[in-house]
Every structure is written in C-alpha cells, then in structure tokens.
Amino acid sequence: MMFVDRMSVIALYNKIEPIICFSKADLLTAEEKAALAQIYQPTGFSTLFTSSVNMLGIENLKTRLHGKISVFAGNSGVGKSSLVNILSARNYSQVGEISAKLKRGKHTTRHVELFTLDEQSFIADTPGFSALSLPEELKREQLARFFPDFMEYLDECRFNTCLHDKEPDCAVKEALNESKISKSRYENYLILLQEVIANERSF
Ligand SMILES: Nc1nc2c(ncn2[C@@H]2O[C@H](COP(=O)(O)OP(=O)(O)OP(=O)(O)O)[C@@H](O)[C@H]2O)c(=O)[nH]1
Ligand SMILES: [Zn+2]
C-alpha cells in the first residue's frame, strides 16, 4: 500500500481529499477486503471497493465523485482507464491495448484526459506512474501531520520534536503497539520519513 500512503500525503499537502479506491475487487476475497479496510479505518479516509468486471461499487464511486473534479492516480494497470470508461460512458480505446504494451514495459496512458461524468462532475485520468516524489518543501517534523491516523497522538510524545522513529516515550509507537495505528501505515511512514530526510540534505 506504499502508493496509497505516499499519494495521500501528497494529496493532503495540496489540500486535496483522498479517496482510496480498491479496484479489481472481483479478485479479492471477503477476508482480503476486510484486511484492507482495517488498515485504513483509523485514517478516516473514504475507502471503497470497485470492479469494472462485475460493477461492484461503481454507483458508490459515482456518488463520491459527484460535484467534484477528481484525479485518478494509481500504478499502471490497476484499472483506472477501465473505471473512467465506465463512469464517463465513453469509448476509451487505450484500455484494450494495455497487455501488449505492458509486455514491452511501456505505460499505456501517456497524457491526462478530462472526462465529463455529468454537468458538475469531471474526472482526470493521469499518466501511469510508479514513482512520485513528496513535496520538496516538506520537512521531517511535518510528515506525521499528513498521516491523519497519527494525529491524535502527536501532542502526547515526550519530545515535541519527536519523529516517531527511535525516540523514547513516543505516543505514536504506543498507539502502534496497541493496534490503534496499522503496522503497514507506520512502516511506510518510516520509509517516507527517510525520503524526506534525504531530500532535506540535497538542498
Ligand atoms: N479482474 C479485473 N480486471 C480488470 C478490472 N479493471 C481492469 N481490469 C484489467 O486490468 C488491465 C488494466 O486495466 P486499465 O484500466 O487499462 O488500467 P490503468 O490503470 O488505466 O493502466 P494504465 O493506463 O497503464 O495506467 C486490463 O487488462 C483490464 O481488462 C477489474 O475490475 N477486474
Ligand atoms: Zn512520537
């Protein structure tokens, strides 16, 4: 879920509301869905499961996108174009070409297209990407603020400069130990923290 955890930081930093859409849900068991939902439950992010094959969750997604301009972000091949195609009821010819192009290691979607969902709702399909960098201005002590599931613990750490890594009496780590924060969220936070620190050094 590294893509989601990175992307939600970038979205929140830019004051964009993240909605987590687990696509291809027809391939997931009920247990797998429950496990995914559980990881993100403490974040308060909206999560939904969709399938372009059996149409699960499509109406729900439509409702979530109504009255907004939305951007679909996700790794190449997760099914963004298929969703946009269904939602906008337009022919999106690139979808059919995906497998052949993937074999050659190329991305299918190379430019951003804006689709009309209804008169008040628009969706953009972004180019397929795997690496997206965090905002350059983001400082190490700010990162945790873009993890809403950490938020209520941040003021309770012993040190107000706590990075929630190796520091003693860290309320975030206590919350992790009590399973109030998901392990995968915390682990990805630490990875992103190292990235922020490395970025700071390069300026
Ligand atoms: N099982 C299943 N397969 C799907 C679903 N949606 C899309 N696919 C398949 O997944 C592949 C990729 O779908 P796309 O919609 O092109 O994915 P994308 O995210 O737009 O890919 P890029 O354009 O490379 O960014 C295609 O072979 C689709 O047929 C789904 O809901 N369930
Ligand atoms: Zn801490």
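## A tour of the packed helices, cores and salt bridges

Select helix H3 (residues 58–65) and helix H4 (residues 80–88): they pack at an angle of about 80°, and their axes are 11 Å apart. Helices here are DSSP runs (H or I, at least four residues), strands are E runs of at least two, and both are numbered from the N terminus. Axes are lines fitted to C-alpha atoms, for helices over the stretch in contact; angles run from 0 to 180 degrees between N-to-C directions. H3 and H4 are therefore roughly perpendicular (65 to 115 degrees; under 35 is roughly parallel, over 145 roughly antiparallel, the rest oblique).

This is a predicted model, in which local features need pLDDT of at least 70 and side-chain atom pairs pLDDT 80 or more, while totals for chains, interfaces and linings use all residues. Residues are numbered from 1 along each chain as written, chains are lettered from A and ligands numbered from 1 in the order written, and side-chain values use heavy atoms, without hydrogens or water.

**The H3–H4 contact.** Show Ile-58, Leu-61, Lys-62 and Leu-65 in H3; they meet Leu-83, Ile-86 and Leu-87 in H4. Contact means heavy atoms within 4.5 Å. Six of these residues are nonpolar, none is polar and one is charged.

**The cores.** Next, select Val-9, Leu-143, Phe-150, Val-172 and Tyr-189. Of the 26 residues in the largest nonpolar core, these touch the most other members. Such a core is a set of buried Ala, Val, Leu, Ile, Met, Phe, Trp, Tyr and Cys residues joined through side-chain atoms within 4.5 Å. Buried means under 20% relative accessible area, exposed over 50%, partly exposed in between (1.4 Å probe, protein chains only). Helices H1 (2–13), H6 (171–177) and H7 (183–201) each supply at least two residues of this core. H7 gives the most, with six.

Centre on Leu-143. Beyond its neighbours within four places in sequence, Leu-143 is in contact with Val-9, Leu-138, Tyr-189, Leu-192, Leu-193 and Val-196. A second, separate core has eleven residues, including Leu-61, Phe-72, Leu-83 and Leu-117.

**The salt bridges.** The structure holds eleven, each a side-chain nitrogen of Lys or Arg within 4 Å of a carboxyl oxygen of Asp or Glu.

- Asp-169 and Arg-158: closest N and O atoms 2.8 Å apart. Asp-169 is partly exposed at 43%; Arg-158 is exposed at 53%.
- Lys-166 and Asp-165: 4.0 Å, N to O. Lys-166 is exposed at 73%.
- Glu-178 and Lys-180: 2.7 Å between the closest N and O atoms. Both are partly exposed, Glu-178 at 48% and Lys-180 at 41%.

Finish at Asp-5, Asp-149 and Arg-185, joined into one network by salt bridges that share partners.

How values were computed
Ala, Val, Leu, Ile, Met, Phe, Trp, Tyr, Cys and Pro count as nonpolar, Asp, Glu, Lys and Arg as charged, and the others, Gly among them, as polar.
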